[in-house]
Amino acid sequence: MTELLPGTEGYGATADALARHYESVAFAEVHREVLPLLPTAPGRALDIGAGTGRDAAALAALGHRVVAVEPTPELRAHGRRLHGTAAIDWIDDGLPRLDKVHALGRRFDLVLLTGVWMHLDAAERAQAMPRVAALLAPGALLTVQLRHGPVPAGRRMFDVSAAETRALAADFGLATLHDSERPALLGGSAVWWSVLAFRAA
Ligand SMILES: C[S@@+](CC[C@H](N)C(=O)[O-])C[C@H]1O[C@@H](n2cnc3c(N)ncnc32)[C@H](O)[C@@H]1O
């Protein structure tokens, strides 16, 4: 049996329900706080832990060329089925190393980490941040959303603070542009989210 990438535990078995769940909200709602910071000119975007591709599809519709990284095969399959556009390249890869994305030899104007970073433990986060930072073009935007609250059954998740994430990002030259909290759009009332945005030097 193939070993699961750390963080993906629990996603494959519930992928059908998750696909309906993730697609029930709009990109503009999920990223409301950081919309004014997004690049306005079409460029290259990278969605890491893209799920079923809701955000990748929205970015493609805005004219961006998108790489959607999703290590859970069942979610990737939903993504291809729901959002099978030529403007999205789906890749089976993941944090902390992102080897296949690095092998593309590209830098990106926008990178999304939506509901993904808190799946990594502290050592993985320390390994992943420079790997993510190295994929950012000069002046690029990185957005990070961190889920807080009870961990769903079967998932591997850590309580990762916005403050720790800002400090780690700063170590790799990323300046904080936005830091706020909000209640969950999806999930129970005990869940809340940190919304962060960073600019590469
Ligand atoms: C909460 S879902 C969010 C999906 C999507 N970004 C969204 O907002 O709808 C978290 C996603 O991260 C993926 N994931 C888990 N561990 C990962 C890792 N180590 N590297 C990249 N993605 C990972 C899961 O497979 C899942 O698709």
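## Exercises on a predicted model

By class, the shell around the ligand holds 10 nonpolar, 9 polar and 2 charged residues, where Ala, Val, Leu, Ile, Met, Phe, Trp, Tyr, Cys and Pro count as nonpolar, Asp, Glu, Lys and Arg as charged, and the others, Gly among them, as polar. This is a predicted model, in which local features need pLDDT of at least 70 and side-chain atom pairs count only at pLDDT 80 or more, while totals for chains, interfaces and linings use all residues. Residues are numbered from 1 along each chain as its sequence is written.

**Exercise 1.** Find which residues come nearest to the ligand.

*Solution.* Begin with the 21 residues around the ligand, each having its C-beta atom, placed from the backbone, within 6 Å of it. Of these, Gly7, Gly49, Gly51, Gly94 and Gly115 come nearest.

**Exercise 2.** Determine how many residues the largest nonpolar core has, and which elements give two or more residues to it.

*Solution.* A nonpolar core is a set of buried Ala, Val, Leu, Ile, Met, Phe, Trp, Tyr and Cys residues joined through C-beta atoms within 7 Å, and buried means that 20 or more other C-beta atoms lie within 10 Å of the residue's own. The largest such core has 46 residues, and Leu46, Val69, Val111 and Leu142 have the most contacts inside it. The elements giving two or more residues to this core include β1 (44–48), β4 (108–114) and α6 (122–133), with helices (H or I, at least four residues) and strands (E, at least two) taken as DSSP runs numbered from the N terminus. Apart from this core lies another, of 5 residues, among them Tyr11 and Leu75.

**Exercise 3.** State what share of the chain is buried.

*Solution.* Of the 201 residues in the chain, 39% are buried.

How values were computed. A residue is buried if 20 or more other C-beta atoms lie within 10 Å of its own, exposed if 12 or fewer, and partly exposed in between; C-beta atoms are placed from the backbone.
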